[in-house]
There are 4 protein chains.
Amino acid sequence: MTEEYWKGIDKIQYVGHQDKKSGLGFQYYNPEEVIAGKKMKDWLRFAVAYWHTFDQRLVDPFGDGTAQRPYDKYTDPMDLALAKVDAAFEFYNKLGVDYLCFHDRDLAPEGDTLRETNANLDKVVAKIVEYQKTSGMKVLWNTSNMFTNPRFVEGAGTSPYADIFAYSAAQLKHSLEIGKRVGSENYVFWGGREGYESLWNTNMKQEQEHAAKLFHMAKDYANEIGFDAQMLLEPKPKEPTTHQYDFDAATTIAFMKEYDLDKDFKLNLEGNHANLAGHTYQHEIRVAREAGLLGSLDANQGDKLIGWDIDEYPSNLYETTAAMYEVVENGSIGPRGGLNFDAKPRRSSFAPEDLFLGHIVGMDSFAAGLRVAAAMKADGFLDNLKADRYSSYESGVGADIESGKADLKSLENYAIDKPQSELIAATHSDHLEEVKDTINHYIVETLSK
Amino acid sequence: MTEEYWKGIDKIQYVGHQDKKSGLGFQYYNPEEVIAGKKMKDWLRFAVAYWHTFDQRLVDPFGDGTAQRPYDKYTDPMDLALAKVDAAFEFYNKLGVDYLCFHDRDLAPEGDTLRETNANLDKVVAKIVEYQKTSGMKVLWNTSNMFTNPRFVEGAGTSPYADIFAYSAAQLKHSLEIGKRVGSENYVFWGGREGYESLWNTNMKQEQEHAAKLFHMAKDYANEIGFDAQMLLEPKPKEPTTHQYDFDAATTIAFMKEYDLDKDFKLNLEGNHANLAGHTYQHEIRVAREAGLLGSLDANQGDKLIGWDIDEYPSNLYETTAAMYEVVENGSIGPRGGLNFDAKPRRSSFAPEDLFLGHIVGMDSFAAGLRVAAAMKADGFLDNLKADRYSSYESGVGADIESGKADLKSLENYAIDKPQSELIAATHSDHLEEVKDTINHYIVETLSK
Amino acid sequence: MTEEYWKGIDKIQYVGHQDKKSGLGFQYYNPEEVIAGKKMKDWLRFAVAYWHTFDQRLVDPFGDGTAQRPYDKYTDPMDLALAKVDAAFEFYNKLGVDYLCFHDRDLAPEGDTLRETNANLDKVVAKIVEYQKTSGMKVLWNTSNMFTNPRFVEGAGTSPYADIFAYSAAQLKHSLEIGKRVGSENYVFWGGREGYESLWNTNMKQEQEHAAKLFHMAKDYANEIGFDAQMLLEPKPKEPTTHQYDFDAATTIAFMKEYDLDKDFKLNLEGNHANLAGHTYQHEIRVAREAGLLGSLDANQGDKLIGWDIDEYPSNLYETTAAMYEVVENGSIGPRGGLNFDAKPRRSSFAPEDLFLGHIVGMDSFAAGLRVAAAMKADGFLDNLKADRYSSYESGVGADIESGKADLKSLENYAIDKPQSELIAATHSDHLEEVKDTINHYIVETLSK
Amino acid sequence: MTEEYWKGIDKIQYVGHQDKKSGLGFQYYNPEEVIAGKKMKDWLRFAVAYWHTFDQRLVDPFGDGTAQRPYDKYTDPMDLALAKVDAAFEFYNKLGVDYLCFHDRDLAPEGDTLRETNANLDKVVAKIVEYQKTSGMKVLWNTSNMFTNPRFVEGAGTSPYADIFAYSAAQLKHSLEIGKRVGSENYVFWGGREGYESLWNTNMKQEQEHAAKLFHMAKDYANEIGFDAQMLLEPKPKEPTTHQYDFDAATTIAFMKEYDLDKDFKLNLEGNHANLAGHTYQHEIRVAREAGLLGSLDANQGDKLIGWDIDEYPSNLYETTAAMYEVVENGSIGPRGGLNFDAKPRRSSFAPEDLFLGHIVGMDSFAAGLRVAAAMKADGFLDNLKADRYSSYESGVGADIESGKADLKSLENYAIDKPQSELIAATHSDHLEEVKDTINHYIVETLSK
Ligand SMILES: [Co+2]
Ligand SMILES: [Co+2]
Ligand SMILES: [Co+2]
Ligand SMILES: [Co+2]
Ligand SMILES: [Co+2]
Ligand SMILES: [Co+2]
Ligand SMILES: [Co+2]
Ligand SMILES: [Co+2]
C-alpha cells in the first residue's frame, strides 16, 4: 500500500465489554467465536458498500456534500477512482470484513460512450482484482447503476424508449462480465427507476414485460459466460420514483412467478425499504424465506416517522434480533447471502472515522442480534411457544385438516353443535406482553454475559 | 310492503344539472343513458352494502353509535332482522339500484351454536328470496363474517386453533349455500383476522397454507352444489390485525399463484384499502386488470392523512375518474363485477336521509368518473399519448426487443458507441403538468355538458 | 375484601434477574431502591388506568370484546360497577402501585339525566373513598368522559350546540367535585371530540374560544371549591376526530398562550399520541419541559407502522430510556406528575393475568429506562457531549451572541472575511452513530448489573 | 433583451374554454377580470420562484439533473448567473406575472468569503434592479439560503457553533439590504436546518433562543435601514432535518408568542409542507388566518402517499378551492401576501416549455379555485350552513356562554334534568356527504360558465 488513508485508525479488534462508551473496537462481534454451531463471521458475512462508504458525499435534497474523505485531494476523476481503491482495501482490512459490494458506476467515471465508460471501469476493476489476490477479499455482489444518469429518467429496463433499454442491456452485459472477473457470489438488480411517475401515461404491463425480458437476458448471458452468481432483486416501494414495481418482497415474488423468474432469482432485502413499504424488516425476511427466496440482506435501518430512505447504520437491537432470528431459523441468510451495509453516516457525521464508527455499530448490532437469537433458539423459547400454539393441528380434526382429509361437510359435522363457550375455550391468550418482556430479558442477559 | 320506513323520500330521479346544491336527485347518473356503448347502469352495476347501510350504528373506537334508523324501535333481534329486510328493499327501490351485498352475520343474530345461527339466518334469507322475486334485485356478492366474534380473535382460516378452522369451514359452507339460494354472482373473502399480531408467535407459512386449504374447500363445495359464483379475495393491509396476509393486489396475486388459486379466484378491490397499503385505487385496479384478475370493486374513499379505514362515500372526482378509466380500458369491471358501496356516513351524518345522500354522492361521483373517462377515451387523449410514448418499440431495435430477437450482445453492439447526447435525445419530456391540466378540463367540460 | 377476584396471583415482588422468561415478578422495578437520589417509586409514581384495565372489553372496529374478567358474572350495571371497585383495589394491591386514574364514566353507568348519572356515580365514588382510607391509594388524576355518548358527536366544549356545551359544563362540575372528594393530584382534559370532521362547516376560532371558556370555568370552579389539582391538557392529533385541536404539545401550548391558560394548565403527554402526530415521545416531553409545562405522562407505546392508537403497554427500552432521560433532566416528571398506564392488552391477550403481565412489562420497562438514564447522567455521558458541542457560546463571539451584545453589523464585521475552510473547521462531526452504540451499551450494562 | 431564451413561446394569453387539451394559454386565469370585487391578479398576486424555475436541475437523491434550459451553454458561473436574469425577465413577461421571489444564493455563486460572495451577488442584483425599472416587476419576497452549504450542516441560526451563527447573521444582513434595494414586500425565513437530527445531543431551548435572537436582530436591522418588509416564517416539519422547529403553523405560532415575535412576524404557508405535517393546506391557512398571522402562500401540492417534499405544481381543484375559500373569507391573502410557486416540474418534465406548462396549470388551478370559492361565497352556501349550525349560541343559554355570563353552576342548573332524548335532539346531522357533493357541483358549474 502506497499511502495510509485512514490515519490514526488501527485494525478494529474484538474487545468485549470494555467500556460503555463506544469506540474503535467490537464489543459483540467476535468473528471466530462459534455461535449456534457456526462462526460469527460465517453467519454474518458482512460486506462494505462502495457507494455509501467511499463515494457518498453526504448530500441531501437541500444540501451539498459534507463528507471529509482522505482522498479528497484528487481532482482528476480517474486518479480519484484509483486512489479510492487503495483507500477501500485499507478500510476493509482495518475493519475486518471479507466482502465488498459495488455498482459499476461507483468505481469509475462515465465517458461519453459506453465503450469509453467500460474502458474507465476496466482499469479500476483490474486494480480491484489485483487487491483481491493479496487480500482474499471477496465480492458479495455487484450491480449496475441504471438510475443516476439522466438517460434513465423514465426507467432503464422499463424505459418507454427502446434506445435506453438497449443501452441498459449493453451496460448490464459489461457489468455481468465484471461480476465474473471479480467472482461475485450474487448479482443484484435494484429498480429505482423501474416504476411510474403517473399511471396516466404508463403501460405498466408492457414495462414489466420489458423488465422481465432484461432479467432473462441477464441470466442467459451469465450462463453463457459461466458467471455463476445468484441473481437477486431488491424491492423498494418508492423513491426516487412515485411507484416502483418491486414494491416489497411479496409483490416481487408475484412478478417473479408471473415471468418465470422464480427459479433463477431470489431477493435482496433492506430494512429501510421494508419500512417504506409499511413493513418490518422481519416481515420481509419471513416472506422471502418461507417462499424459499431469501437471497441476501442489506443491513440498515429507517426512521419510521420519516418518509424517505435514510439508510442509517443499524443500531436497533430489536430489529437486528428479529432479523437474525429469521436467519437462525433459516440455517443461514442463504447459501450465498451476506449482510451488506447499504448504510451511510448522517450528514452531520462527516469525519473519516465516522465510517468506521458507523460500521462498528452496525456490525456489533447484528452480532448482538445473532447472539440473542441464538440464545432464544437454544432455550427453545419461541419454538415451544409456537409448538404449543399450533398443537391442535397435530391430532384429531386438526390433523385431518392438515392432511387434506377434511372438507366443508365433514367440518360442518364437527362444528355445527359446538356451543360458543366451547369455541371460546378452544382459543388461548397469546400473552404477547409477556413475550415482549421476555425478549427484553434475552437482550440484556445474553449481551451482558 | 307493510310500513314505509324511509318517509319523506321519493324514488331518486336523474335530474341533470338542476342546482349546485346537492339534494335527492342524481345530476350525473342517468341509468339508461348510453355512454361508450353501454348503459350507465351496466357499466356501474351499483350495489348497496347491507352492513354499512342497515346495520352500522356509526360507532368508533371512542364513541357509541349515533345512527338514527327507522327500525330502531324493534328490540327483539329477529324482529329487527326481519324489519330490516323490509327497510332494505324499500331503500333499494327508492335509490334505484339493482344489487345488494351482505355478510351472513349482517342479516340475522347468532345463536349459541352454528345450527341455531343458521336457523336464524335461513328465516331472513327466505324473506330476501321472496323480495327478490317481486323486485328483481340481484346479489352482487355475499360473504361470511369470520372476524367479529371473539372466537376469531386470532384468525378464522388462519387460526392457530383447529376447532376455529373447523367452525369457519362449517360457517362458510352454509354461507355458500345461501349464495346459491340468492343467486350471488360473486362470493367474497375478506380476511380481516387472517394475518398476525406479532411474527414472534406466528407460523406464517402454516397459516397461509390453511387459508389456501379453506379457499380450495370453498371452491370445491361451490362446484359440488352448483353455486356458480366468481370467487373473490379482497385485500387490505392492516386493521384490525397488525398485518393481514392479503396486503394488496400484488401480494394477494402472489398468494393465489403460490397456492394454485389464480384460476378460480379474482380480486375485489377497495379504494380505502389501497390507500392504507400506500397505493392509489387506480394502481390496485391496474395491477389486477393487467393480471387478468379484476373481479369487482368496493366503492369508497379514504383520507390519505388518516391511518385507518374510514370507508367514506366516494366524492373525489379525480379518484372516480381514474377508477372508471381503468374500467373503460378493461371493457367492464369484469364479467361479474360491480361497484359495491362499502361506505358509511360520517358519525356526524346520523340521520336516515344521510344514507340516501351518501349513496347519491357516491353514485353520482362514479357516474361522473365514467363520463369523463369515456370522453377521454373517445378523444383518444391518453391512447395517443401512450402510443406516442412507447412508439420506439414498434420498429427497429425496439421491435427486436419486443419479439425476443435481441439479446445482451446484439444490444451492446447497438448501443456501445452512442454518445450521451444521442441517448438524451432518445428520451422525451412526458409533460405531466400539461396532462394534469388537461384532465381538469375534461372533468369540467364533460360534466357541464 | 369480600371475594378474591384475581385468583392465583400473589402480590408481585421485585425478583431481580431471576429468569429470562418473564413472569409475575419485577426484574427492574424495585420500588424502594434509590436511583439518582430518589426512590424508584417516587420517580415513577405509577398509576393504573381504570378504563383500560377494568372496563376495556378489547373490542376493535371489526370485533367484539374478547376480554375475560373475573367480574363478568355481574349483569346489573350498578352491581358490576361496585364489584369492579373491589376487583380494582385488589389489583392495585397485588400489583403494588400507589395511584389510580379514572374518567367519571369509567366508574358507573349513565342514567337518563345527569342527575341520575351523578347519583350512580356518587355511590361508586363513596366506595372508592372508603377503600382509599384503608389502602392509602391515591388518585393521580381524574377526568370527564365527554366523547363516548352520542350527544358529543360533534364535540363537547366545542360542540356547535349550546345545550351540549351546557351539559358538558354541568358534567364537568360534578367531575371536579369528585376530584376533590378523592383528592386527585391532577385533573386531565382529553379532547377526543374537540376538533373538526371538516373545515367546510366549522368555525374553528369560535370552537376554540368555547373550549377555552370551559377550561377557565373549570379552573374557577376548582378554585371556588378548593380543589387544588394541577389542570392538564392531553394532546392527540386525530382519532376519533379527523383533526383534534390539541394536536401535539406545541400546538396545545400555542392554544394555552392565546387563551391565557398557560399559568394554570400544563400537559399530560402520551407516547402513542406523540407518534400519531409524527413525533417521538421524547420530543413531546422535551417540548413540554423546556416550556415549563410538563405535567404528567401517559405511559404506553404505539406502532409507527400503524396509523391508529393502539395504546400498547410500553416495552421498548429505547423509548422508556429516552422518556426517563427527560424526566431525570427535569428533576421529576413534575411536582404532581406520574406515569399512568393508558395502555391495554392486545385483543389476543384476553386472559385476566394479561392485565398483570402487561403492567409488569410496562413498569419494568420504565424502571429500566430510569436505571439507564440515571447511569448516563451519573457518568455525565450526554452532559459532557452537549457541553462540548455548544462550548463556542461560552466565550468570544458566542458569548456576545448569548448576552445580546451582538447585532447583524458586529457579526458581519466578525464573519465577512472568514474563508470557507475556517467556517467548515468551526463545525464538528457529532458522531451520532457512536452515540447510538454507546446507548446500546448503557442499556445492556446497566440492566445486567 | 439581447437574446430570446424561451423560443417558440409567445406571451401566454387568457383563452377561456378553448380546448380540453391544455396548452400555452389560460383557461381560468383572466388577470383583469373582476371576481368578488377585485381583479383576479389582485387576489392572486402570482410570483415565480427563482430557485425552482431557473436554478433547479431536477436532481433527486438517486439521480443527476435532467433539466434542459436555454442558458445551459454558459459555463462561467457569473456569466450563467447574469444570463439567467435575462431569461428570467423574459419568462416573467411571457408568463404574465408581476412578482418574483428569490434566495440570495439563487442569484449568484458563492466566493470563498462572504465579502466575495456579496460582490458576486451585488452584480446580479444590480441587473435585476435595472430590469425592474423597465418591466415593473416586483419582488414578493426574498430570503437567505442558509441550508445548502456544508457550513450549515447542523444549523444556521441554531448551529451549535457560534461562528456559524455569526456568519448566518452577516449573510442575513446583506440579504436584508438586497431586499431593500429590490423593494421586497416581504422577507421569508425557512429553517431547513433549524431543528435536530437527534435529541440526545441537542439543547433545543438554547437553539430556539438563538433562532429568536436572529429574528429579532433581522427585524431591528430592517427597521434601521428602513426596509419595510413583512417578516414571514415558513413552517415545514422535517426534511432535510429529522425534526424542524417550525413544524407547522400552530407550532410556529407558539414559538412566535414565546419569543415576542408575533407582532412583527407572520407566516408563509406551503401546501406540501402542510401535508408532511399531517395537515391539509386549508388547515394551515385557517390556523394562521384565525390567529391574524396569515402572511403569504407558497403554491404547490404534495402527494399524500409520498413522505417527502415533491413541490408539485398545484393542479388539484379541491385543494385550490379550499385555499382560495380561506383567502376569500380573509378578504385577501394578507396585505402583502401573494401566491409564490414554490414548485418544480417532475424530473421527467425536463423540457423548457414544461416551466410554462407547469406555471399554467398552477395559475389556472388557483384561478379556478378563486372562481369556485367566490361563487360559493356569493350564494352564501357555506355561510348559511355555518350560521345555522352555530345558531344556538345566539340566544338563550348559548348567548350566556358567549357573553361570559354562564358558569359551571348556572350550566349545571340548566342541564341537570335534561333527558338524553332532548340532548340528542339538540344535535343535528351535518350532512357532510351532501356538502361534498355540492362542492363538486360548484366546481363543475362555476368553471364551465
Ligand atoms: Co439496498
Ligand atoms: Co435504501
Ligand atoms: Co374498508
Ligand atoms: Co371492502
Ligand atoms: Co392513546
Ligand atoms: Co392518554
Ligand atoms: Co416544499
Ligand atoms: Co416553500
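Start by selecting chains A and C together: their contact (heavy atoms within 4.5 Å) takes 58 residues from chain A and 58 residues from chain C. You are looking at a predicted model, in which local features need pLDDT of at least 70, side-chain atom pairs count only at pLDDT 80 or more, and totals for chains, interfaces and linings use all residues. Residues are numbered from 1 along each chain as its sequence is written, chains are lettered from A and ligands numbered from 1 in the order in which they are written, and side-chain values use heavy atoms, with hydrogens and water left out.

**The A–C interface**

Between them, chain A and chain C bury about 4,700 Å², with 55% of it on carbon and sulfur atoms. Buried area here is the accessible area (1.4 Å probe) that two parts lose on being put together, summed over both. Now highlight K20(A), L305(A) and E433(A): these supply 18% of the area that chain A buries against chain C, more than any other three residues.

Zoom in on E312(C) and K436(A), which form a salt bridge whose closest N and O atoms are 2.6 Å apart.

Helix 11, helix 12 (352-379) and helix 17 (432-448) of chain A each supply at least two residues of the side that touches chain C. Which helix of chain A gives the most to that side? Helix 17 does, with 13 residues.

**The cobalt ions at chain A**

Select ligand 2, a cobalt ion. The protein donors of this ion are E270(A) through OE, H273(A) through NE2, D309(A) through two OD entries and D311(A) through OD, at 2.0 to 2.7 Å. Donors are N, O and S atoms within 2.8 Å of the metal (3.2 Å for Na, K and Ca), and sites may look incomplete because water is not among the atoms. Along the sequence, the donor residues of ligand 2 are spaced E-x2-H-x35-D-x1-D.

H273(A) sits in helix 9 (residues 271-276), while D309(A) is in the loop between strand 13 (294-298) and helix 11 (317-330), 36 residues apart. Both H273(A) and D309(A) are buried, meaning under 20% relative accessible area (1.4 Å probe, protein chains only).

**Over to chain D**

Select ligand 7, a cobalt ion coordinated by E270(D), H273(D), D309(D) and D311(D) at 2.0 to 2.7 Å. Here E270(D) bridges ligand 7 and ligand 8, two cobalt ions that lie 4.5 Å apart. E270(D) lies in strand 12 (residues 265-270) and D309(D) in the loop between strand 13 (294-298) and helix 11 (317-330), so the pair ties together parts that are 39 residues apart in sequence. E270(D) is buried, with a relative accessible area of 2%, and D309(D) counts as buried at 7%.

**Last stop: F356(D)**

Finish in helix 12 (residues 352-379) of chain D, the place of F356(D). Is F356(D) buried or exposed? F356(D) is buried, with a relative accessible area of 0%. Show the residues that F356(D) touches, among them W6(D), I9(D), F91(D) and L95(D). The C-alpha atoms of F356(D) and L95(D) are separated by 7.0 Å, though these residues are 261 residues apart along the chain.

Terms used:
Helices (H or I, at least four residues) and strands (E, at least two) are DSSP runs, numbered from the N terminus. Buried means under 20% relative accessible area, exposed over 50%, partly exposed in between (1.4 Å probe, protein chains only). A salt bridge is a side-chain nitrogen of Lys or Arg within 4 Å of a carboxyl oxygen of Asp or Glu. Lists of a residue's contacts leave out its neighbours within four places in sequence.
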